[in-house]
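Hi,

Here is the structure I promised to pass on. My notes follow below it.

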Amino acid sequence: MPDPILMAESITYRVGDATLVDRIDLVGHRGEVIAIIGPNGAGKSTLLRVLAGDLLPDAGSLSVDGIDTRSAGPLELAQVRSVMRSGGASDIPFTALAVVEMGRHPHRTDVDASLSSDRSAIRSAMERTDTLHLAGRVFATLSGGEKTRVVMARVFAQAAPLVLLDEPTIALDVAHQERVLREMRQLAAHEACVIAVLHDLNAAAFHADRVVLMAEGTVRAEGSPVEVLRAELLSDVYNQAMTVVEHPTRGCPLVLITDADR
Amino acid sequence: MTDEAWFKSADPHSGRRAWFWPLAVVVALGVAFVSLTLGAVNIPISDVIPVLFAKVGLGEASSQAEAVVWGIRMPRVLLGFLVGATLGLVGAVLQGLLRNDLADPQLLGIGPGAAIGAAIGAVAGGVRGAIAGGVVAGVITSFALRRLVRRFSIDPTRIILSGVALGAMLSAFVGFVVFGADRSVVPPIEFWLLGSLSGATWRALGTAVVILAIAAIGLLAGARNLDLLALGESEARHLGVDTDLVTTVTLIGCGAAVGATVGVAGVVAFVGLLVPFLMRPIVGPRHRHLLGASMIGGGVFVVLADLLARLVLSPVEIPVGLVTAVVGGPVFLWLLSRRSTYDA
């Protein structure tokens with residue numbers, strides 16, 4: 001097995017007396033999509049922010065592509081990991097192309113030398129996310145789905161081996177959700193390790209290789225979708241009755257909400 | 001379509017920029033030239049041109065024309081352009097940094113803060129003292145602003161309002177310094193608070209140009225970081241920008257640049273607010289274009305405003321800040337009414 005891209009050991013993050021992330025281990029490889037699921041307040045987004053280098057862990061060690069995130073500078077970090085968070089600025093005055101172009105910033109230490117490779121990276125990122133026709137449009141005037149795809153293209157263009165997505169499908173209709181999730185798979189197919197916080201359990205069931213179920217800052221279960229998405233485990237962690245059947249066409253687990261007194 | 005052509009076609013402002021730059025240079029030269037001829041004494045173009053030629057060693061000019069055109073008006077025009085270019089640049093930089101079109105160095109209190117230092121500096125060492133004092137006090141005020149930004153970074157409107165309060169308070173302190181000082185050494189209060197280019201000399205210009213050139217180069221170099229910050233502070237960091245460092249260094253540069261302009265010309269209002277606002281639709285929002293355009297636009301605006309300030313009640317001069325405020329005030333109000341919500 002090749003060296004992992006992400007190696008997180010015993011990551012702990014506290015705010016005051018509260019331990020939001022409690023001794024979490026996580027290893028991610030190229031080509032892999034890992035979904036982090038769990039109820040509100042489980043520490044999913046906090047964990048993602050620690051992995052992104054936004055928050056410094058109080059304990060534990062974290063390396064991305066062999067770089068210790070604790071000592072890495074912002075530029076060095078940007079070359080090995082990209083982040084897409086929900087609720088970023090939406091009134092950006094630049095064109096969609098300019099936004100995607102900015103994804104190349106971490107690789108622009110030598111502007112002239114990298115210009116043509118930048119251009120091809122930008123174009124192929126927009127091709128893959130079907131945003132080429134939006135290139136000249138002002139980002140602020142795009143629809144929610146278009147904005148998400150343009151930001152996705154920016155993440156593609158950044159070409160980092162670790163991709164962190166915080167609820168990438170929020171506020172999208174089902175068709176756009178599916179599209180973004182397939183793009184997430186594409187990212188992994190291009191030699192990246194994708195880690196996504198997902199609320200939609202069925203999205204995790206079909207699109208993820210591995211599912212990490214968090215509760216109260218710890219990992220309750222980790223494994224393939226079939227291993228983790230079990231009715232009694234989910235019902236217990238979410239405190240909501242659920243049942244799991246096999247998806248009629250996809251063959252993966254299908255999680256259904258049920259009533260406690262069925 | 002080739003890559004290059006496609007990239008160009010996707011930029012809606014590239015066509016406008018192609019005519020903007022030549023036009024801007026022509027307008028700048030034209031406004032400068034008109035400013036050399038008009039004033040309390042009108043000097044015909046046929047007398048101005050020989051002065052310019054005489055300065056490069058071609059021919060002779062009348063000594064009276066030379067005294068007015070070269071001794072008084074030329075440094076004034078150049079200083080006006082320099083002050084305007086700096087304020088336009090700083091305005092565009094601050095609007096990018098704070099992600100708000102209402103940011104302006106004078107409204108945020110940097111100018112009034114610098115005026116305190118400049119007035120004290122003037123007591124100690126004339127115009128050079130005023131520039132040095134302005135730079136120091138401008139940087140200190142920027143640091144105060146930095147603290148406000150940190151505290152209120154979720155709400156840019158509050159930063160602006162805090163700046164307005166800070167500016168009002170600091171303006172009052174300028175009065176305490178000026179009214180206690182020797183009037184023959186320290187310029188009067190209206191010079192500091194309304195701005196004026198009446199003190200322009202080659203000596204003042206020579207000192208200011210060095211500081212402003214350094215600050216401008218530093219600020220222009222940060223254009224790309226300002227672009228990235230427009231995506232949001234987290235996004236900029238995720239793309240490799242050290243946002244804390246960029247904010248601190250940028251504010252120091254802005255404070256020093258504004259401080260130097262205040263040392264030579266007092267607080268000239270609304271240039272930093274108005275000019276980027278006018279340039280944005282023409283050259284586009286990317287800072288590598290916007291910053292340069294705001295410099296040339298600001299320069300032209302202040303030289304033109306100073307020309308009006310000299311002519312309106314001639315031979316009495318009115319402060320140049322009155323002219324810029326008459327134009328800038330309504331635009332500020334319009335901007336405020338147009339945008340009811342602000343995104344962080």
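I'll begin with the sheet in chain A. 4 strands make up an open sheet, in the order β2-β1-β4-β5, and the pairing is antiparallel. Its edge strands are β2 (18-28) and β5 (67-68) of chain A, and each of them pairs on one side only. Please keep in mind that this is a predicted model.

Within that sheet, look at β1 (residues 6-15) and β4 (residues 59-64) of chain A. These strands pair in the antiparallel sense over 5 bridges.

Next, the helix α1 of chain A, which spans residues 44-52. Which of its residues are buried? They are K44(A), L47(A), L48(A), V50(A), L51(A) and A52(A). Note that a lysine, K44(A), is among the buried residues. An α-helix has 3.6 residues a turn, so residues three or four places apart point the same way. After α1(A) comes G53(A). The phi of G53(A) is positive, near 90 degrees.

Last, the interface. Here 22 residues of chain B are in contact with 27 residues of chain A. Three helices of chain B, α1 (3-9), α9 (223-229) and α10 (233-238), each supply at least two residues of the side that touches chain A. Which of them gives the most? That is α10(B), with 4 residues. By class, the side of chain B that touches chain A has 9 nonpolar, 8 charged and 5 polar residues.

Best wishes

How values were computed
Residues numbered from 1 in each chain as written. Chains lettered and ligands numbered in written order. Predicted model: local features only at pLDDT ≥ 70, side-chain atom pairs only at ≥ 80, totals over all residues. Pairing = 2+ DSSP bridges. Contact = placed C-beta atoms within 7 Å. Nonpolar A, V, L, I, M, F, W, Y, C, P; charged D, E, K, R; others polar. Buried ≥ 20, exposed ≤ 12 C-beta atoms within 10 Å, placed from the backbone.
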